[in-house]
Amino acid sequence: MSALAEIMHLKGYTVTGSDMNRSGMVEHLQRAGIRISVGHAAEHVSGADLVVYTAAISKDNPELLEAERLGIPTVERAVFLGFIMTHYKMPVGISGTHGKTTTTSLLSIVCMEAGLDPTVLVGGTLPAIGGNYRIGSSDLMIFEACEYVDSFLNFCPKMAVILNIEADHLDYFKDIHQIIDSFHRFASICGPDGCVVANFDDANVRRACEALPCKVISFGFGTDAHCRAVIRDVPGFPVFDCYWGGELLGEVSLSVPGRHNVLNSLSVIAAGLSLGIPFAQIAAGLAKFKGVGRRFEYKGEFGGVTVVDDYAHHPTEISATLASAKSLGFHEIYCIFQPHTYTRTKLLFDDFVRALSCGVHPVLVDIYAAREKSDGVTTAKGLADAIPGAVFAGSFEAAADYVKSRAKSGDAILTVGAGNVFQIADLLLQK
């Protein structure tokens, strides 16, 4: 919402807004000359020609009700973002069940290093842009495209990146077939003069790319991919040789861990080459990327114990996060996991059990409900009971005390989940 407000302000429109609480973002917009009120009240919409709202706003919000009473048109954020994209010649949408924020950040840094001056909208805090958005002066816009409630179908990319497709958001989607169809429709928006950058290691992505009206550029580890990686067996962060067809383009060294980040980087290389960026500049940009907020984010240390926070909330993401931690050579790994939503926990229960039964020490805290209410059956304790060696902690304080009493120098503690579990990392470092 803040990015949309600043973009329209810079285009010369009169923009006002409101937020529930005062924050650094509210103060930033106020310094930019945008009138932001703290708290929601009916009088805030007086004189407006259009009211834009986020899906997080309830339908009985006083400002929405007043707009309806006054006959002022209202539009949801994703729809309005789609309208803004029509002002850019090259909107690039990063989609997928996992990895959107990291890949959006990677591509943004590569494009900034190449002097393309993009506008960026990312779902996490990217230190290189000082927040979650950047307003550029070029016709290039790079943005996250989330599939939840089909919101990305409101967008109009000329280039669409599809990282992976798995069963998720099953409180909205009926099954994996509906999800694949949704991604196919998103990719189709690119049109005959656009292109799709797709992970062909993923069978669901291949299916989503069938019979598209546009060019498809594939990436992956498979020999049939246009953009392919061969990982070198070296300790620490990944190093790989990148091939375009049968041609060796050169070596890429990453500053973030994990095989999944090699795939994310391949998508950026394919997209960057398509945007006309030389491979050497792309590789240099990838090497500079140190991560984004809540994506394997180093929080600090105490007594030789490393504390890392990660947003992973799907079993596949958890497996990738724990594999990354293992690749860095920690002695023991304690994973404090906060399940996200009752629906996801219930429908992917067995997958969560498998993901957390991998030689780490799982500590679970209560489910983060987000938009849902308890079903009275699905609980974090029930999940913990099904995982060998797992412990259920009744509170954040109890979880912090448990791992702090056991972790030793050379170990790592990970706080994992899409809710507010990061507060436990802060608690540990304060203790």
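Rings of Phe, Tyr and Trp count as a pair here if their centres lie within 6.5 Å. By that rule, this predicted model comes to seven aromatic pairs.

Take Y148 and Y172. Their ring centres are 6.3 Å apart and the planes stand at 70°. Over 60 degrees counts as edge-to-face, so that is what this pair is. The two tyrosines are 24 residues apart in the chain. Y148 sits in the loop between β8 and β9, Y172 in the loop between β9 and α6.

Next, F152 and F186. This pair is stacked, at 4.5 Å centre to centre and 5° between the planes. Both residues are buried. F152 is in the loop between β8 and β9, F186 is in helix α6, and 34 residues separate them.

Now charges over rings. R228 lies over the face of Y243, 4.8 Å from the ring centre. R295 places its charged end over the ring of Y311, at 4.2 Å from the centre.

On to the cores. The largest nonpolar core has 42 residues. Which members touch the most others? F240, V252, L266, I269 and L286. Helix α8, residues 259-274, is the top contributor to this core, with seven residues. A second core is separate and has 41 residues, among them A5, F80, M85 and F143.

Last, L266. Leaving out residues up to four places away in sequence, L266 touches F219, G220, C227, R228, A229, F240 and C242. R228 is the arginine over Y243.

Methods:
Residues are numbered from 1 along each chain as its sequence is written. This is a predicted model: local features need pLDDT of at least 70, side-chain atom pairs count only at pLDDT 80 or more; totals for chains, interfaces and linings use all residues. Side-chain values use heavy atoms; hydrogens and water are left out. A nonpolar core is a set of buried Ala, Val, Leu, Ile, Met, Phe, Trp, Tyr and Cys residues joined through side-chain atoms within 4.5 Å. Buried means under 20% relative accessible area, exposed over 50%, partly exposed in between (1.4 Å probe, protein chains only). Helices (H or I, at least four residues) and strands (E, at least two) are DSSP runs, numbered from the N terminus. Contact means heavy atoms within 4.5 Å. Rings of Phe, Tyr and Trp (its six-membered ring) pair if their centres lie within 6.5 Å; planes under 30 degrees apart count as stacked, over 60 as edge-to-face and the rest as tilted. A charge sits over a ring if NZ of Lys or CZ of Arg is within 6 Å of the ring centre and within 35 degrees of the ring normal.
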